[in-house]
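Subject: Structure handover

Hello,

Here is the structure I promised you. Please open it beside this email and follow along.

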Amino acid sequence: MADARRIVVKVGSSSLTTAAGGLDADRVDALVDVLAKHRSGGEKEIVLVSSGAIAAGLAPLGLTRRPKDLARQQAAASVGQGLLVARYTASFARYGVRVGQVLLTSDDMARRAHHRNASRTLDQLLAMGSFPIVNENDTVATDEIRFGDNDRLAALVAHLVHADLLVLLSDVDGLYDGDPSKPGSSRIAEVRGPADIAHVKIGSAGKAGVGTGGMVTKVEAASIAAAAGIPVVLTSATHASDALAARDTGTYFHRTGRRSADRLLWLQHASTPQGAITLDDGAVRAVVERRTSLLPAGIAAVEGEFGAGDPVELRDEQGRAVARGLVNFDAKEIPQLIGRSTRELARELGPAYEREVVHRDDLVILQA
């Protein structure tokens with residue numbers, strides 16, 4: 001932690017706003033004080049993933065709670081995002097720091113050109129001394145292309161910018177082995193793998209009701225980042241300075257894996273399958289155990305409407321999802337390929353059909 005140079009910090013709505021909606025200027029300023037202090041001198045680069053746009057827009061629109069329908073959420077985000085970035089701009093200006101806003105949807109992670117542009121923009125903002133503030137583009141994101149919560153977005157951004165550390169700030173000072181409000185519950189200081197917290201019952205969104213996450217999404221995000229080789233500190237916003245200074249605070253998630261290709265991380269954690277392909281038992285063993293590509297001969301059935309390049313779910317004959325991949329054929333083409341060899345297909349349909357349905361380089365395993 002002490003050696004981490006590039007850090008992604010994520011802060012939730014409940015740490016920035018009041019329960020009734022609207023920004024809490026004192027809370028924003030307190031967070032900015034910490035972030036500005038730890039980036040001064042140029043030794044550390046920090047990217048902030050900030051929730052709060054929808055929550056900030058509630059009070060100005062006369063809403064007493066977060067709306068459930070997408071249209072009013074988008075309207076609140078439209079009002080609140082401007083207020084949020086204006087508050088950050090004014091607060092960072094006290095330190096002579098410029099703010100750059102980057103709004104993303106999961107579609108931006110899926111499309112290679114968008115993904116590359118986002119990475120380049122964030123790198124350039126850091127190189128020019130600006131402070132990048134990332135949020136989900138709630139004003140245009142639909143249910144199909146939303147991250148669902150900014151915790152998962154933060155894990156993907158940490159991977160995108162090659163971060164050395166991810167800090168998840170909450171209204172609770174770490175992961176507990178029980179309800180932290182009840183006597184007898186203890187903070188879990190370190191997590192070295194899923195087995196360490198298999199016994200823990202993890203709660204959902206907090207009492208304020210202005211966010212979409214909760215501890216469960218933070219643990220999921222920490223698992224995503226750790227599996228991609230990025231350690232994670234989960235603590236409260238009031239302990240942000242301790243986390244950035246590598247002092248003992250919150251819960252530390254050790255790395256559990258190594259960095260993977262960007263598109264594979266997106267494919268596993270941010271993509272929405274557009275259809276499903278059922279594999280016979282032999283194909284399941286080949287894909288899952290031997291990590292081979294999926295060939296037409298191993299397909300038993302197909303469902304959904306998708307085009308070449310779309311993400312699809314690969315299932316066994318019991319309907320369990322075993323993998324996810326980017327398909328090389330349209331859904332309407334696959335029925336004529338089922339159970340046939342690529343050599344046979346090439347003779348009958350042409351050389352374009354002598355290839356994998358899903359190549360192993362565009363495939364992630366969901367169950368081992």
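The axes of helix H1 (residues 25-39) and helix H3 (residues 70-93) cross at roughly 50° and come within 9 Å. Axes here are lines fitted to C-alpha atoms, for helices over the stretch in contact, and angles run from 0 to 180 degrees between N-to-C directions. The crossing of H1 and H3 is right-handed. That term applies if the near helix is turned clockwise from the far one by less than a right angle; anticlockwise is left-handed.

Which residues of H1 and H3 make the contact? H1 gives Ala25, Val28, Asp29, Leu31, Val32, Leu35 and Ala36, while H3 gives Arg87, Tyr88, Ser91 and Phe92. Contact means heavy atoms within 4.5 Å. By class, this contact has eight nonpolar, one polar and two charged residues. Ala, Val, Leu, Ile, Met, Phe, Trp, Tyr, Cys and Pro count as nonpolar; Asp, Glu, Lys and Arg as charged; the others, Gly among them, as polar.

**What you are looking at**

This is a predicted model: local features need pLDDT of at least 70, side-chain atom pairs count only at pLDDT 80 or more, and totals for chains, interfaces and linings use all residues. Residues are numbered from 1 along each chain as its sequence is written, and side-chain values use heavy atoms, with hydrogens and water left out.

The chain has 11 helices and 13 strands. Both are DSSP runs, numbered from the N terminus: helices are H or I with at least four residues, strands E with at least two. Of the 368 residues in the chain, 51% are buried. Buried means under 20% relative accessible area, exposed over 50%, and partly exposed in between (1.4 Å probe, protein chains only).

**The eight-stranded sheet**

Eight strands form an open sheet with mixed pairing, in the order E3-E4-E2-E1-E5-E7-E8-E6. Its edge strands are E3 (99-104) and E6 (190-191), and each pairs on one side only. Two strands pair if DSSP finds at least two bridges between them.

Start with strand E2 (residues 45-50). Six of its six residues are buried, so E2 is largely enclosed by the rest of the structure. Glu45, Val47 and Val49 are on one side, with Ile46, Leu48 and Ser50 on the other. E2 pairs in the parallel sense with strand E1 (residues 6-11) over six bridges. Two bridges join E2 to strand E4 (residues 131-136), also in parallel.

Now follow Leu48. Its bridge partner in E4 is Ile133. Leu48 is also the partner in E2 of Val9. In E5, the bridge partner of Val9 is Val167. E1 and E5 (residues 165-170) pair in the parallel sense over five bridges.

Helix H7 (residues 215-227) lies across E1, E5, E7 (232-236) and E8 (251-253), at about 180° to E5.

**The five-stranded sheet**

Five strands form an open sheet in the order E10-E9-E11-E12-E13, with mixed pairing. The edges are E10 (299-304) and E13 (358-365). Neighbouring strands of this sheet are turned by 30° against each other on average, direction ignored. E11 (residues 311-315) and E12 (residues 321-327) pair in the antiparallel sense over five bridges. Pro311 has Leu326 of E12 as its bridge partner.

Best wishes
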